[in-house]
Amino acid sequence: MSESLLDTINSPADIKHFSREEIDRLCAEIRERLIETVSQNGGHLASNLGVVELTVAMHRVFDSPHDQFVFDVGHQCYTHKLLTGRREQFHTLRTEGGMSGFPKPSESEHDPMIAGHSSTSISAASGLAAAKKLKGDDGCVVAVIGDGALTGGMAYEGLNNLGRMHERVIVILNDNKMSISKNVGSMARYLAGIRTRRGYIRVKTKISKAMQKVPFIGVKINNLFFRSKKALKGAILHRRSTIFEDMGFLYIGPVDGHNEKLLERTLNVAKSMNNKPVLIHVCTVKGKGYEPAELKPKVFHGISGFDIDSGEPKHGSTTFSDVFAECLCDFAAEDETVCAVTAAMKSGTALSDFASTYRRRFFDVGIAEGHAVTFCAGMAANGMRPVFAVYSSFLQRGYDQLIHDVAIQNLNVTFAVDRAGIVGEDGETHQGLFDTAMLGTIPNIRIYCPAYFSEMKPMLYKSMYLYSGASAVRYPRGAEKYKPESFAAEGNDCDLLGTGGKILAVTYGRIFGNLCQAVEKLRVENFQVDMLKLGLVKPIPQEAIETASGYGAIVFFEEGIKHGGVGEDFCALLSENGWRGRFVLHAVDDSFVPHAPVNSLLARFRLDTEGMYETITEIYPHDAERTE
């Protein structure tokens with residue numbers, strides 16, 4: 001058996017002199033390593049399988065880190081990591097203390113920008129290139145952006161500004177006809193039209209190849225050909241230009257994204273253009289090289305783990321997302337004004353059944369969270385009941401619209417905030433730790449936090465029907481935690497469990513299950529601890545404040561950021577109510593939370609059962625009397 005080529009690579013320079021046969025072998029080995037690692041650790045498989053040849057070609061043509069690569073969203077950077085000195089650590093991908101699943105500057109000089117959210121690469125690349133020019137650095141900046149990301153408005157802001165700049169930026173449009181869900185909108189149709197015009201591409205490629213063989217002046221003639229090609233394109237396509245050329249780019253494509261040799265040739269042509277930005281339109285297959293991922297790219301976009309031979313994912317139990325979607329379908333069956341909105345996350349937010357059952361009332365607006373919020377505002381203003389299902393981390397992108405278009409007008413829009421709290425292995429850019437603090441600053445909004453599946457429907461009902469303004473129902477990724485048999489979990493605004501305790505433990509959301517287990521253990525050891533569960537955290541119920549005021553010591557556990565969070569609001573309201581006892585708050589401190597398993601991160605912030613148990617025993621007022 002021949003030696004693995006991949007195992008000989010310690011930097012991008014190692015692949016520059018590989019033969020054509022060796023490049024083909026390398027791409028096959030990379031795919032094997034991607035499938036093997038993601039099947040164990042989970043991650044983004046389909047998107048990475050689709051860009052193997054493209055990433056290899058980029059590192060063959062350019063010189064990273066002098067030339068810089070910016071991967072939009074960043075979930076397609078695995079091949080890049082394998083080629084940039086991180087091969088030996090790749091087995092630690094997305095594990096605690098291991099390699100991130102996204103670009104990370106602190107991890108490698110080959111990652112100039114952190115990524116995690118969509119549609120940002122062109123703006124970031126423009127800034128990197130402007131800085132290079134000011135410093136006299138002649139390096140190129142390459143932005144790789146998917147066709148799905150072109151549904152995001154920030155991508156067009158970047159294109160609009162870059163098109164009038166004279167920077168060495170190459171934008172590679174990775175067109176795989178998909179984002180996470182099927183692409184939607186006019187841009188998807190536009191790109192589909194370009195893909196069909198293969199006659200023009202064949203003619204242009206043959207002419208370019210012939211010109212570059214002319215000694216001494218061939219490259220200059222080729223450059224002149226590209227700058228004056230509009231007349232040729234008009235004759236073949238019967239149209240003046242692409243939208244990208246109208247915005248100031250030299251457009252090249254479509255190009256076969258799995259023909260590494262052709263990709264190298266195309267990138268070299270783009271690299272030679274020094275006076276204007278270039279956009280290369282590359283067509284790829286998501287999941288390329290692994291049949292299950294090609295057939296089901298949505299399933300293999302982000303997957304927890306799977307069996308390589310069968311391609312079957314490791315299915316978990318029922319999730320909060322599943323329960324939310326089922327409840328929303330129930331409401332839609334009885335009320336024709338109920339509509340569901342998503343931002344390219346139909347599958348992620350479990351809305352596939354709603355979309356098929358209530359097709360006219362389902363709206364996927366693409367990766368455009370800000371637009372989605374204002375779209376919902378318009379629907380609500382005309383009498384519909386829109387529910388926007390969105391990940392907590394992505395809702396941050398619609399904060400301005402939340403204030404300006406929804407809250408000020410006090411419109412009845414419900415935000416189903418999925419992946420709230422600690423998310424886990426996707427790391428800093430995806431942790432849902434800011435939504436309660438962010439939403440808590442906005443007047444005329446209510447925030448509900450179900451801890452159990454049984455609370456989802458009554459809280460959604462309150463949000464949609466009993467309150468006329470904006471509401472959020474926030475819930476975590478995955479399944480519910482432990483619930484005492486004696487607790488009914490009916491979705492009340494607050495619940496007091498226990499009486500006569502010397503200390504009151506307060507929390508909300510899924511970690512209430514951890515608190516219940518901690519308190520049960522404490523009671524066995526004769527610690528007198530009562531619990532207050534908040535179902536509504538904005539505004540905090542007056543009943544909850546009055547109840548808490550009867551205790552001399554209170555500990556508050558929060559799966560969110562400490563500063564500006566619910567715990568600080570709770571303490572402030574107690575103080576305003578004249579309370580002068582001891583208050584201890586455990587939440588996520590002033591830091592961004594890295595990738596690690598959820599349970600490990602909860603333990604880090606003492607939000608797991610053991611951490612809560614230890615915290616309460618440390619502050620338990622053994623000699624203090626309960627105040628009345």
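Okay, let's start with two helices: H21, residues 512-524, and H25, residues 609-619, pack at about 50 degrees, with their axes 8 Å apart. Helices here are DSSP runs of H or I with at least four residues, numbered from the N terminus. The axes are lines fitted to C-alpha atoms over the stretch in contact, and angles run from 0 to 180 degrees between N-to-C directions.

Before I go on, this is a predicted model, where local features need pLDDT of at least 70, side-chain atom pairs count only at pLDDT 80 or more, and totals for chains, interfaces and linings use all residues. Residues are numbered from 1 along each chain as its sequence is written, and side-chain values use heavy atoms, with hydrogens and water left out.

Back to the pair. On the H21 side of the contact (heavy atoms within 4.5 Å), you've got Asn514, Leu515, Gln517, Ala518, Lys521 and Leu522, facing Thr609, Glu610, Met612, Tyr613, Ile616 and Thr617 in H25.

Now, Thr84. That one sits in the loop between helix H4 (78-83) and helix H5 (121-135). Buried or exposed? Thr84 is buried, because its relative accessibility is 5%, and the cut-off for buried is under 20% with a 1.4 Å probe, protein chains only.

What does Thr84 touch, leaving out residues up to four places away in sequence? Asn10, Pro12, His59, Ser108 and His110.

Notes
Buried means under 20% relative accessible area, exposed over 50%, partly exposed in between (1.4 Å probe, protein chains only).
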